[in-house]
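Hi everyone, thanks for coming. Let's take a look at one protein model together.

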Amino acid sequence: MSKSAISQTDGSPAMDGLTRSQLFDLERRVKTKKQVYFDIFVCFLPLLAGAVALLEYLTIPDNSPNKNPHVYTVFLLILVVAYGIYALVSLWKKSRGDNHATDLLRYRAPLFTGLFLLLAFYDYLTLKTGVLTQPFVPCLNFVANAAWNDREMIWNCTVHTLWLLFLGYFIGVGLGLITGIACGYSEKCRYWVNPIIKFLGPIPTSTWIPIMMVIASSLFGGAVFIIALGSWFAVTVASMTGIANVNKEYFDAARTLGANQRQLIFRVAIPHAMPSILQGCTQAMSSSCTSIMIAEMLGVKSGLGWYMNWSKSWASYDKMFAALFVICLIFTLVTKILDKIKSHVLRWQIGANA
């Protein structure tokens, strides 16, 4: 038997050149015709659910006055068309041999179906029947109109919130990396910093807001400090723990090969602690999002949190809900971007597990 035949029989050399997606394709179970039809039906369901949401909104009589009803109609149509384009792109990729796109479409289709049905159910409870009392719980058309009519102010508040969020976040992450890496690698640094972490750790970040409103020279600077403090704590603990848990044999092997202190930190400690560090960065963003909303509601004179509080004081609940949806969208996108960065930096883990 030839060497190549042995390699193919053994399997390992032949599999070295295959990617994870190719291996998944090889292991893919052949579906029956019934299963294929069911998958097609599931992928088509969001379009059907979107049509149900449109018919519910357009055909059932309103229980209360509804100004500019076309805004929500356009919003629903945009969602339905967006899903249709997404489905067509996935099918086009499948025709070019990319089965991963249609797998994702099949996986996400029930979620999109649930979203459209949820929108229809919420509209039925608010605008159509009044079970949820308006204006305290506004219908989606009121929220869409409020967001569109006040779009310039919402945009300015969004820019202010993002500027405050990222300024405090990156300051806290930068200082946290320095502190965490130093404490994880050096026992002397850990001796002095660890008591501070244990003292500040149990204190919620929001507790500092009244103090900052009194002692800070500006409310903006106080808000930045609060966000940076929460980020610093999360990244410091994660970095210190990650580096402290690096196998000591790695350092011994590097020293044997002639590595200096700088190389031990940047070539051994940090790369092996990167999963823990990135997890700390994700926790820091979550802490920052919570802190910024509390800070803006209590002190800062701009931003989406301030806008929500201001709208509530004027009983403009439709504007308050509009700002709430913008906040959810922004924080979801920011978290998604962080997950993408984490997946890219740790792509070697995927290759190791494949």
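First, some ground rules. This is a predicted model, where local features need pLDDT of at least 70, side-chain atom pairs count only at pLDDT 80 or more, and totals for chains, interfaces and linings use all residues. Residues are numbered from 1 along each chain as its sequence is written, and side-chain values use heavy atoms, with hydrogens and water left out.

How many salt bridges does a search of the whole structure find? There are 4, a salt bridge being a side-chain nitrogen of Lys or Arg within 4 Å of a carboxyl oxygen of Asp or Glu.

One of them joins Arg106 to Asp39, at 2.8 Å from N to O. Arg106 sits in helix 6 and Asp39 in helix 4, 67 residues apart. Asp39 is buried, at 15% relative accessibility, while Arg106 is partly exposed at 27%. Here buried means under 20% relative accessible area, exposed over 50%, and partly exposed in between, with a 1.4 Å probe and protein chains only.

Another pairs Asp150 with Lys319, with 3.8 Å between the closest N and O atoms. Asp150 is in the loop between helix 7 and helix 8 and Lys319 is in helix 15, so this pair ties together parts 169 residues apart in sequence.

Now for the surface. Ile215 is exposed, at 57% relative accessible area.

Conventions:
Helices (H or I, at least four residues) and strands (E, at least two) are DSSP runs, numbered from the N terminus.
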